[in-house]
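Morning, everyone. I have one structure for you today, and a few minutes to walk through it. Please have a look at it first.

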Amino acid sequence: MVVTDLARMEAAARVTPEPGSAELERRLEEYRLELTAYAYRMLGSMFEAEDAVQETLLRAWRGFGGFEGRSALRSWLYRIATNVCLDMLQGSQRRARPMDLGPAQVADGNLLGDPLPEVTWVEPIADGRVLPAGDPAEVAEQHESIRLAFVAALQHLPPRQRAVLILREVLRWRAVEVAELLDTTVPSVNSALQRARAALTAADIASSDTSEPMDDEQQALLSRYVDAFERYDMDALTSLLREDATWSMPPYALWLRGHADIRAWCLGPGIGCRNSILVPTHANGSPAFGHYKPSPDGGREAWSLQVLELSGGQIAGISFFLETARFFPSFDLPPRIEA
């Protein structure tokens with residue numbers, strides 16, 4: 001009988017590696033990407049998610065002798081990761097977006113105020129840290145579940161309810177599997193899922209074009225956006241924005257809505273961004289740009305990580321994450337661009 005490559009792979013997956021072995025290390029590392037995506041949805045922070053996954057894999061490495069293959073390795077790792085995330089969420093404040101903290105303001109002056117602590121904000125994450133390589137159509141299906149708006153909405157849910165929704169709706173686990181992972185009952189899981197769905201419906205998360213692979217029309221929209229922003233042409237720029245487009249700048253609570261205030265900000269307090277350069281990247285399943293503004297000593301210095309939200313063939317919102325020293329290394333973006 002000829003054993004196919006697939007059969008050999010499946011047989012290898014059923015073999016329990018020895019504790020402390022190189023094979024165990026390799027098997028655990030295979031789950032880092034998807035565990036990071038899970039932890040990010042739970043915690044709303046790239047850095048906390050990576051810490052949670054590192055702790056998960058460390059606990060798995062140390063405790064593998066007691067695992068004994070009683071369940072699938074993946075399920076066991078998700079149990080550990082869930083417990084780590086729930087521990088990290090005890091007593092912590094809910095991460096949010098500026099739009100969650102108060103009404104839009106009017107761009108009639110420099111209203112930025114004081115920056116808020118980093119624990120206030122839902123943070124961006126590079127696609128490469130949470131989305132697997134593969135067929136673009138298949139990967140696109142996962143974009144929606146790491147969008148900034150969706151991750152922010154998840155933070156409104158109690159932690160265990162959050163875990164139930166992610167496991168059932170995003171990862172497609174069966175109710176009995178989630179009940180086993182959380183040491184609870186199927187009716188309890190179903191009840192938590194129903195409450196979580198109702199809360200997300202009340203949050204009224206707008207749909208996004210990024211749930212589909214980028215097409216020529218969307219690529220052309222992004223090209224026009226880069227051209228308009230780098231030329232600082234406000235007529236061209238606002239023509240690409242929805243009338244109710246949002247403009248936010250974490251770590252500041254200020255956010256703007258609509259063409260008039262966005263234009264007033266760019267030509268007023270934000271005028272220092274004239275003659276900027278945008279470098280394309282990807283964050284949260286959405287198009288993003290490293291934003292470099294002119295430096296007094298020549299060249300251009302990192303100013304923000306822009307994350308765009310597309311809807312209906314227009315730009316529905318732009319988040320400018322200003323803490324570039326924290327975020328740019330994760331996106332492989334340099335701190336400055338020389339002239």
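This is a predicted model: local features need pLDDT of at least 70, side-chain atom pairs count only at pLDDT 80 or more; totals for chains, interfaces and linings use all residues.

Now the make-up. The protein has 15 helices and seven strands. It runs to 339 residues, and 47% of them count as buried.

On to the rings. A pair of aromatic rings is described by two things, the distance of the centres and the angle of the planes. How many aromatic pairs does the structure hold? Twelve. I'll show you two.

Pair one is tyrosine 78 with tryptophan 173. The centres are 5.3 Å apart, with 65° between the planes. That makes an edge-to-face pair, because over 60 degrees counts as edge-to-face. Buried or exposed? Tyrosine 78 has 0% relative accessibility, so it counts as buried. Tryptophan 173 is buried too, with a relative accessible area of 5%.

Pair two is tyrosine 292 with phenylalanine 328. Here the centres are 5.6 Å apart and the planes stand at 65°, so this pair is edge-to-face. Tyrosine 292 belongs to strand β4, residues 286-294. Phenylalanine 328 lies in the loop between α15 and β7. Again, distant parts of the chain are linked, 36 residues apart. Both tyrosine 292 and phenylalanine 328 are buried.

Tyr225, Phe229, Tyr232 and Phe289 make up one aromatic cluster. And lysine 293 lies over the face of tryptophan 303, 3.6 Å from the ring centre.

Last topic, the helix crossing. Helix α4 covers residues 46-63. Its axis and that of α5 come within 9 Å and cross at roughly 130°. That angle makes α4 oblique to α5. Which hand does the crossing have? Right-handed. Who makes the contact? From α4, the residues include Glu48, Ala52, Leu57 and Gly63. From α5, they include Trp76, Leu77, Ile80 and Met88.

Technical notes:
Residues are numbered from 1 along each chain as its sequence is written. Side-chain values use heavy atoms; hydrogens and water are left out. Rings of Phe, Tyr and Trp (its six-membered ring) pair if their centres lie within 6.5 Å; planes under 30 degrees apart count as stacked, over 60 as edge-to-face and the rest as tilted. Buried means under 20% relative accessible area, exposed over 50%, partly exposed in between (1.4 Å probe, protein chains only). Helices (H or I, at least four residues) and strands (E, at least two) are DSSP runs, numbered from the N terminus. A charge sits over a ring if NZ of Lys or CZ of Arg is within 6 Å of the ring centre and within 35 degrees of the ring normal. Axes are lines fitted to C-alpha atoms, for helices over the stretch in contact, and angles run from 0 to 180 degrees between N-to-C directions. Angles under 35 degrees count as roughly parallel, over 145 as roughly antiparallel, 65 to 115 as roughly perpendicular and the rest as oblique. A crossing is left-handed if the near helix is turned anticlockwise from the far one by less than a right angle, and right-handed if clockwise. Contact means heavy atoms within 4.5 Å.
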